[in-house]
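This report walks through a few selected sites. Please keep the sequence and the 3D view open while reading.

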Amino acid sequence: MQKHYTGLIERYRDRLPVSKSTRIISLCEGNTPLIQLQNIPRMIGKDVDIYVKFEGLNPTGSFKDRGMTMAVTKAVEAGSQAIICASTGNTSASAAAYAARAGIKAFVLIPEGKIALGKLAQTLMYNATIIQINGNFDQGMELVKEVANHAPVSIVNSINPFRLEGQKTAAFEIVDELGFAPDYHCLPVGNAGNISAYWKGYKEYATERVCSNRPVMCGYQAAGAAPFVAGHKIDNPETVATAIRIGNPQSWDFAIAAQQESGGWFDKFSDEKILAAQKMLSQFEGIFCEPASATSLAGALHDIASGKIPEGSKIVCTLTGNGIKDPEIAMQQCADAKPVTIEADLDAVKRAILDCL
Ligand code: AN7
């Protein structure tokens with residue numbers, strides 16, 4: 001009989017730092033769908049297999065839950081009563097949820113006015129203590145690192161190595177499902193924890209011969225927040241994709257190693273290109289991700305068009321977060337498609353339908 005799915009730590013416990021007596025803090029995260037795109041490859045007229053790993057279907061709507069189940073499990077095991085993070089939104093929602101599950105306290109530092117509405121609402125509902133700063137994520141991150149030296153709180157940002165351990169399971173799931181690693185793996189890059197974690201996962205599987213190949217890692221950033229493309233940190237990052245509005249990535253060295261060892265590259269895309277990719281995925285595939293997530297598809301489509309990613313390739317794009325997280329951007333994207341309001345009678349409904357056909 002198939003066992004009830006109880007989360008990624010149970011599924012991959014042999015590859016994760018837990019023991020028999022560890023109390024696992026889980027919300028059944030992971031096990032997200034790998035969806036093959038059907039319409040977009042046809043539209044662009046290229047012979048490529050593009051799959052999206054839809055991480056927006058995790059319990060709090062982002063990939064952060066993979067790392068958070070692990071980080072909070074280890075914090076609780078070590079006796080922590082409180083966790084803390086700086087966040088552009090998704091980490092705070094995830095930390096808050098897992099703290100609630102564990103029965104401990106969560107503190108989150110967020111940049112005032114730069115968090116998508118859904119993420120703020122979640123974090124409030126999960127009952128974290130929200131500290132808004134007049135500053136950006138990078139400043140929040142520095143403050144969190146300092147305060148953790150002076151207060152009894154565990155940092156659950158991706159500088160916590162358990163976060164990457166949890167997040168590497170996304171690469172395992174892809175290989176377990178396809179039977180091989182893709183030729184190219186495309187990701188949005190902010191703090192660079194995720195690209196580092198995927199590379200760790202793929203390397204682990206390849207080294208142990210679970211699969212025979214490893215992907216080329218492609219890290220894509222927003223044009224106004226592209227330190228990896230610039231080759232140095234950026235002081236005032238700006239982008240509509242607030243999740244990746246980050247100028248001083250904490251996993252710099254790991255991400256550079258992933259790029260170099262895999263023969264991959266970094267590139268950057270304008271907010272317009274990112275938003276166009278988000279809309280395209282929703283409109284033509286029925287997959288609604290948040291703006292930052294669409295950066296992976298924007299990059300893949302650009303590199304497929306230029307031939308840098310050749311025809312015949314198998315490509316995975318990670319869609320890091322759910323589109324419902326950021327309803328304000330979605331409404332702006334659809335400003336021209338305002339719903340019509342009519343009288344509540346049959347003729348009026350018929351007319352409204354016929355007007356659209
Ligand atoms: C949707 O929540 O950094 O390169 O504080 O929310 O691993 O940082 C979010 C990052 C991509 C970038 N897509 O991942 C935070 C935070 C979404 C994200 C990223 C984030 P990393």
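## Terms and model

A residue is called buried when its relative accessible area is under 20%, exposed when that area is over 50%, and partly exposed in between, using a 1.4 Å probe and protein chains only. Accessible areas come from the Shrake-Rupley method with a 1.4 Å probe, and for residues only the protein chains shown count as cover.

The model is predicted: local features need pLDDT of at least 70, side-chain atom pairs count only at pLDDT 80 or more, and totals for chains, interfaces and linings use all residues. Residues are numbered from 1 along each chain as its sequence is written, and side-chain values use heavy atoms, with hydrogens and water left out.

## Cysteines

Cysteine 334 has a relative accessible area of 35%, so this residue is partly exposed. Cysteine 28 is also partly exposed, because its relative accessible area is 38%.

How many disulfides does a search of the whole structure find? The search finds zero; a disulfide is a pair of cysteine sulfur atoms within 2.5 Å. For cysteine 334, the closest cysteine sulfur belongs to cysteine 289 and is 13 Å away, which is too far for a bond.

## The ligand site

There are 23 residues around the ligand, and those that come nearest are Asn90, Thr91, Asn191, Ala192 and Thr320. Here, near means that one of the residue's heavy atoms lies within 4 Å of the molecule or strand in question.

Threonine 91 has a polar backbone atom 2.7 Å from an oxygen atom of the ligand. A polar backbone atom of alanine 192 is likewise 2.7 Å from a ligand oxygen atom. Threonine 320 uses a polar side-chain atom, 2.6 Å from a nitrogen atom of the ligand. The ligand taken alone exposes 480 Å², and the protein buries 99% of that.

## Two loop residues

Helices (H or I, at least four residues) and strands (E, at least two) are DSSP runs, numbered from the N terminus. Glutamine 250 lies in the loop between helix H10 (227-230) and helix H11 (252-262). Its side chain makes a polar contact of 2.7 Å with the side chain of lysine 145. A polar contact is a pair of N or O atoms within 3.5 Å; within protein, one must be able to donate a hydrogen and the other to accept it, and residues adjacent in sequence count only if both atoms are side-chain atoms. Leaving aside neighbours within four places in sequence, glutamine 250 is in contact with Met141, Glu142, Lys145, Ile159 and Asn191, where contact means heavy atoms within 4.5 Å.

Isoleucine 324 lies in the loop between strand E10 (314-319) and helix H14 (327-333). Isoleucine 324 counts as exposed because its relative accessibility is 62%.
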